[in-house]
Amino acid sequence: ALAQETVKIGVILPMTGPSASTGKQAEAAAKLWIQQNGATVAGKKVELIIKDDTGAPDVTKRLAQELVVNDKVNVLLGFGLTPLALAVAPIATQAKIPQIVTAAATAIITEQSPFIVRTSFTLPQATVPMAQWSAKNGIKKVVTLVSDYGPGIDAEKAFKDEFTKGGGEVVAELRVPLRNPDFAPFLQRVKDASPDAVFVFVPSGFGSAFMKQFAERGLTQAGIKLIATGDVTDDDVLNELGDSALGVVNTHHYSASHDSPENKAFVEAFKKANNFRPNFMAVGAYDGMQLVYKALEKTKGNADGQALLDAMKGMSWTSVRGPVQIDPETRDIIQNIYVRKVEKVGGELFNQEFATIEKVKDPVKAAK
Ligand code: DHB
């Protein structure tokens, strides 16, 4: 048979529904990658087939099956929430094609199929540095408040384990429903416990609803600091959070204000093409595309699933977020985690990086 001349990438994202900001960011970034690098690599034409799963796992699963069986895609890419990534893992295993998770971030995801490769992050990876910073900076008593599903529970545990090791105390662990969250009663409980700080995880796109209620409840006035993973102060919504977000210290792998020539060029091109600022979901997808291109270059255009997967393991490059590598053992991404503070720069809010923890692996798997 003739080798297939077109490499098809099936992109599944929540383009509508509560996580639509993730879909919007990731799609824009994947398209920008192709615009900048061309739709041909190693002699093969690259075609994106983009589908909206609305954030519902049964839809993600059906779309993945259709992309594999009908469209004969060579790669699956995207997955905006943990349940959506998990729904596709058995399909990737059976089809023997790479499933590139560019967004979802619960630690266990990469263990659900040997064909999953991740270009986003894991919640424990982003959270451990926040716990360490807190313990070293006079915070002794913390309440954790997280969305009640995979990544939130990862963040809650990683924070408590590391903060306790550093001499701190977690006095309450609160979990808020993922769908239609009402933060008010939880924030009242935080206020009543009067901790030094509240540590928060909510997924990308939910930060503005949280911050509005945080400001209304007067926690800052009560002397309770907000600390978080960068999902809360996500670049997609950061300017909507208002001045109550100023000074919030948080940890994550990407800021639109990351100071590197690669990032300056990326942000400029992204904003020119889209009229909005890229966030970490855009970067996960941009690097996901970059990984596919690099793998195809390495295999000299061989788009066989196993060949691509093998080429991806151990791959390293300079991302707009900083240096990265696909861990050849776990297929998670090894990357810098930055400690940042929300500040106003030129009239806009940014997560300004002020410390770097280099080459962080997912701590859950590193401990095994
Ligand atoms: C997940 C989703 C997010 O939007 C995020 O910021 C982190 C994790 C998830 O569902 O895995």
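Predicted model: local features only at pLDDT ≥ 70, side-chain atom pairs only at ≥ 80, totals over all residues.
The contact takes 28 residues from domain 1 and 29 residues from domain 2. As for the bounds, the domain assignment gives 6-121 + 259-331 for domain 1 and 123-252 + 337-366 for domain 2.

Now, the inside. The largest nonpolar core has 100 residues, and the ones touching the most other members are Ile9, Leu145, Phe159, Phe210, Phe266 and Met289. Helix H9, residues 280-298, supplies the largest share, twelve residues. And where does this core sit relative to domain 1 and domain 2? Well, both domains give residues to it, so the core lies between them.

Take Met289 for a moment. If you skip its neighbours within four places in sequence, Met289 is in contact with Ile9, Ala30, Trp33, Ile34, Leu48 and Leu77. There's also another core, apart from the largest one, with 18 residues, including Ile12, Val59, Ile91 and Ile116.

Last stop, a helix pair. H4, residues 123-136, packs against H5, residues 150-165, at about 35 degrees, and their axes are 8 Å apart. The crossing of H4 past H5 is right-handed. On the H4 side, the contact includes Leu123, Val128 and Met130; on the H5 side, Ala155, Phe159 and Phe163 are among the residues involved. By class, that contact comes out as eleven nonpolar, three polar and two charged residues. And Phe159, if you remember, is one of those core residues touching the most other members.

Note on methods:
Residues numbered from 1 in each chain as written. Heavy atoms only, no water. Axes fitted to C-alpha atoms, helices over the stretch in contact; angles between N-to-C directions. Helix = DSSP H or I, 4+ residues; strand = E, 2+ residues; numbered from the N terminus. Left-handed = near helix turned anticlockwise from the far one by under 90°. Contact = heavy atoms within 4.5 Å. Nonpolar A, V, L, I, M, F, W, Y, C, P; charged D, E, K, R; others polar. Core = buried A, V, L, I, M, F, W, Y, C linked by side-chain atoms within 4.5 Å. Buried < 20%, exposed > 50% of the residue type's maximum accessible area, 1.4 Å probe, protein only. Domains from an automatic or database assignment.
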